[in-house]
Amino acid sequence: MSELFVYITKTSTYMPGEAVDNDTMESILGYVGGRPSRSRQVVLRNNGIKQRYYVLDPQTGIPRFTNAQITAEAIKGLVGDGFTLDAMECLSTGTTMPDQLMPNHGVMVHGELGNKPCEVVSTAGICLAGLTALKYAYLSVLAGASRNAVATASEVPSPVLHARNFDAENEALVAQMAARPEIAFDKDFLRWMLSDGAGAFLLENQPRAGGLSLRIDWIDIFSYANELPTCMYAGAEKAEDDSLIGWKLLTPEEWASRSIFAIKQDVRLLNENVVKYTLGKPLKEVMIKRNLSPEAIDWFLPHMSSEYFRKPIAECLENTELAIPQERWFTNLSERGNTGSASIYIMIHELLESGRLHQGQRVLCFVPESGRFSGGFMHLTVV
């Protein structure tokens, strides 16, 4: 019996609107309390992002697209060379924040596309949501449950990052006669880190003729939620014992006055643990399980939320005896921004389009997630 493989045969991305530079971003996201952010310049200096994309209209701040719509646009980019939307047998979507609490993101995307009935699934998570969606699609084709599958990852955080969402909290601080009313750093920090975008992959059980395909060799995902508390969250508030108080236990007045639905991150917890628990610990297991060596990797694609982590990642690779020279790293963080779960899709698409991939090359992808500290790895071979 011949061995079965699954291939990424087509890739597509959708970046909404025009690129937004560092000097323009706050005018689009708005000024909380009518004042420029005191942390913006510091955060941008460390994260190395030069431009990003938003679904927001630059003049009004009103979203021009939903998450489901930009995901659908990325999928439409796969059409051609014999593939049609009606030929899609399985749709697997991943995102951090869908447009609504229910129904799931995948069926909303299916509704936007209007294609024939097909299997639809949506995976929840933060940065790893795209990789878990991809793994479902991969396993579906590998098992023979479907002849093809489309996997997607998308993020639209900009409407949540807009200043209007913090007005009630700012007013509450004014009412308390705070010396300088401003939202906490754990919320303001992320306003200068996150951006919008979507990616889509077509997976098939045969490589596509006349071009390069990427064979998925394996995908490994690890969670360390059993060892560490929550680091990045939304729709909740942290208690003193580090447990989460979910939005359902809070009043609508508290939702507004505390910006409960804002995206928050414990920066201290992040800096102390993210590289160790998303890369160092799981990579040791992967290296043994998959017999990895630096010489056997032609390209390393790390999803970095910030250039701040480049040096710690390099040091961790060296300490784990997988020191991959940085000339073999590929990242587009500075030009595309941090698009969360969609980042690895956008990176793979752009590397494939760059002409730098060649037959037989091996690609190692790394996706960290700081929600409760998880790490994901994917190994591809160019065919």
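**Sheet and helices at a glance**

Strand β6 (residues 148–155) and strand β7 (residues 197–204) pair up in the antiparallel sense, over eight bridges. To count as a pair, two strands need at least two bridges found by DSSP. Helices (H or I, at least four residues) and strands (E, at least two) are DSSP runs, numbered from the N terminus. Keep in mind that this is a predicted model: local features need pLDDT of at least 70, side-chain atom pairs count only at pLDDT 80 or more, and totals for chains, interfaces and linings use all residues. Residues are numbered from 1 along each chain as its sequence is written, and side-chain values use heavy atoms, leaving out hydrogens and water.

**The sheet**
- In β7, A200 is the residue opposite T152.
- The open sheet has nine strands with mixed pairing, in the order β5-β4-β6-β7-β1-β8-β15-β14-β13.
- At its edges sit β5 (119–123) and β13 (299–302), each pairing on one side only.

**Two helices together**
- Helix α3 (residues 67–76) packs with helix α4 (residues 105–113) at about 60°, their axes 9 Å apart; axes are lines fitted to C-alpha atoms, for helices over the stretch in contact, and angles run from 0 to 180 degrees between N-to-C directions.
- That makes α3 oblique to α4; oblique is what remains after roughly parallel (under 35 degrees), roughly antiparallel (over 145) and roughly perpendicular (65 to 115).
- Contact means heavy atoms within 4.5 Å, and the α3 residues involved include A68 and I75, which meet α4 residues including M108 and L113.

**A helix across strands**
- Helix α10 (residues 267–290) lies across β8, β14 and β15, running at about 130° to β8.
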